[in-house]
Amino acid sequence: MRGTLRRMVPVRVDRTGIRTGLRWKLSAAIALVGALVAIALSLVVHNAARVSMLDNARDLADERVQIAQRNYELSGRPNFPGVKIDDMDLPPELRKKVEEGRRATYVADGDGGAPDIWAAVPLKDGHVMSLHTGFTDRSTDILKDLDQALFIGSIAVVLGGSAIGVLIGAQLSRRLRKAAYAANRVAKGDTEVQVREAIGGVVRDETDDLARAVDAMADALRQRLEAERRVTADIAHELRTPVTGLLTAAELLPPGRPTELVLDRAKAMRTLVEDVLEVARLDGASERAELQDIMLGEFVARRVAVKDPAIRVAVVHESEVTTDPRRLERVLFNLLANAARHGRPPIEVTVEGRVIRVRDHGPGFPEHLLDEGPSRFRTGSQDRAGVGHGLGLTIAAGQARVLGARLTFRNVRPPGAPDHIPSEGAVAVLWLPEHAPTNTGSHPMLPLSGDQA
């Protein structure tokens, strides 16, 4: 039953949850990959160094046992340090190889985790000569130093990768934020903004493709809306002449009930045509405010008294404002007409500084108006039999944008009452700007749902 203006900007939905910036996501991803790569490389390098040291130790033990073998064969006794004949602690695997007549080396796990190096060789007299040594302290120290270096290097890689991720993510995030800001300005009606120019930068990446697509979409929508506006304006303009002729002809009919009905419908059609033309002009964003300094409370009180003396006006705080009186009166009268048509008395008007509130005590605004704002030809009546065409609040919102003002809507409910409890009235609030629009342009602001007072 109340007109609504469907805004082109979608209603912002607040989602609960943790919001993480793109730079931190990239940094975490690079740090994780760097950590995995560093751990894998550290393990490979550690194992390769250990295997190399063990191979060197086995080769050294093999050379020493060969020297001990030659000395034994020359002197008949084991005179090389550390060698034993038929050692009972010889590992079974190594003993099996030697019994096959082969010289061999073997690495076993010793006490404390340090490897034991064994080397054995068969003698001509049937005995087995063996040499048992451990992993040298120098080799152990080298491995420890290597592990420490690998650990420090891994940390450096992770930190460096994180820093690079922050830098790359910051640049990409900055471009995306610029694109989002420019897209919001386009959505609010700023036709001069190009998203691709807003993000700037020398590097061309996927954000440029996204910006180019958004610009193309905005241009297509702009052209379509402009075409629809021109068609609407042309149709309404062409209807003015026949409607005026129809009204003139109706006034020449003889008095009577049929004549009154024809005149009433002709006047309603003329009002509709004029309203449609006004909406088309407002949609064209070419309207400019003609500014004057007025005392807001006095102005509202006089205009309301002319419109309906029964409406009570309360001036809480008088304020001098710079605005367009004709457009302000248009907004005020449309709000009063809407309250009288769809609400219930008493209708109350309150002026407080730069804020004008119009309240009725009816069923309140429909939910779609609170969610989306006023929309033309949408009255809220399901059967389209309601009074009005849904253009009153549309025109009020458009004129408010020309004034640089903001028009909001809310329903009055008992304190703490849930949403299903019927409202106790509707409140439309006009917020006049602190700085008036210039004579060469206005500050278009889309109406927000709800009252911020």
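A: Let's begin with Asp 62, which sits in helix H1, spanning residues 22-75. (Helices, DSSP runs of H or I with at least four residues, and strands, runs of E with at least two, are numbered from the N terminus.) Before going further, please note that this is a predicted model, in which local features need pLDDT of at least 70 and side-chain atom pairs count only at pLDDT 80 or more, while totals for chains, interfaces and linings use all residues. Residues are numbered from 1 along each chain as its sequence is written, and side-chain values use heavy atoms, with hydrogens and water left out.

Is Asp 62 buried or exposed? Its relative accessible area is 16%, so Asp 62 counts as buried. (Buried means under 20% relative accessible area, exposed over 50%, and partly exposed in between, using a 1.4 Å probe and protein chains only.) The side chain of Asp 62 has polar partners: a polar contact of 2.7 Å joins it to the side chain of Arg 103, and another, of 2.9 Å, joins it to the side chain of Gln 66. (A polar contact is a pair of N or O atoms within 3.5 Å; within protein, one must be able to donate a hydrogen and the other to accept it, and residues adjacent in sequence count only if both atoms are side-chain atoms.) Leaving out residues up to four places away in sequence, Asp 62 touches Arg 103, Thr 105 and Ala 119. (Contact means heavy atoms within 4.5 Å.)

Helix H1 also holds Asp 55. With a relative accessible area of 36%, Asp 55 is partly exposed. The C-alpha atoms of Asp 55 and Ile 117 are 9.9 Å apart, although 62 residues separate the two along the chain.

Now let's step back to the whole chain. The protein chain has ten helices and eleven strands, and 35% of its 453 residues are buried. Of the contacts between residues at least 6 apart in sequence, 68% join residues at least 24 apart.

In soluble globular proteins, nonpolar side chains tend to be buried together. Here the largest nonpolar core has 35 residues, and Val 300, Leu 328 and Leu 430 are those with the most contacts inside it. (A nonpolar core is a set of buried Ala, Val, Leu, Ile, Met, Phe, Trp, Tyr and Cys residues joined through side-chain atoms within 4.5 Å.) Among the elements that each supply at least two residues of this core are helices H7 (296-307), H8 (325-342) and H10 (392-402), along with strand E11 (426-431). The most comes from H8, with six residues. There is also a second, separate core of 13 residues, including Leu 54, Ala 119, Met 129 and Leu 131. Ala 119 is one of the residues touched by Asp 62.

How do the helices meet? The axes of H7 and H8 come within 11 Å and cross at roughly 50°. (Axes are lines fitted to C-alpha atoms, for helices over the stretch in contact, and angles run from 0 to 180 degrees between N-to-C directions.) H7 and H8 are therefore oblique to each other. (Angles under 35 degrees count as roughly parallel, over 145 as roughly antiparallel, 65 to 115 as roughly perpendicular and the rest as oblique.) The residues in contact include Phe 299 and Val 300 of H7, and Leu 328 and Leu 332 of H8.

H8 meets H10 too: their axes come within 9 Å and cross at roughly 155°. H8 and H10 are therefore roughly antiparallel to each other. Val 331 and Leu 335 are among the H8 residues in this contact, and Ile 395 and Ala 396 among those of H10. Gly 398 is also part of H10, and it is buried, with a relative accessible area of 3%. From Gly 398 to Val 331 the C-alpha distance is 8.9 Å, across 67 residues of sequence.

Finally, a stop in the loops. Pro 346, in the loop between H8 and E8, is joined to Pro 345 by a cis peptide bond, with omega about 0°.
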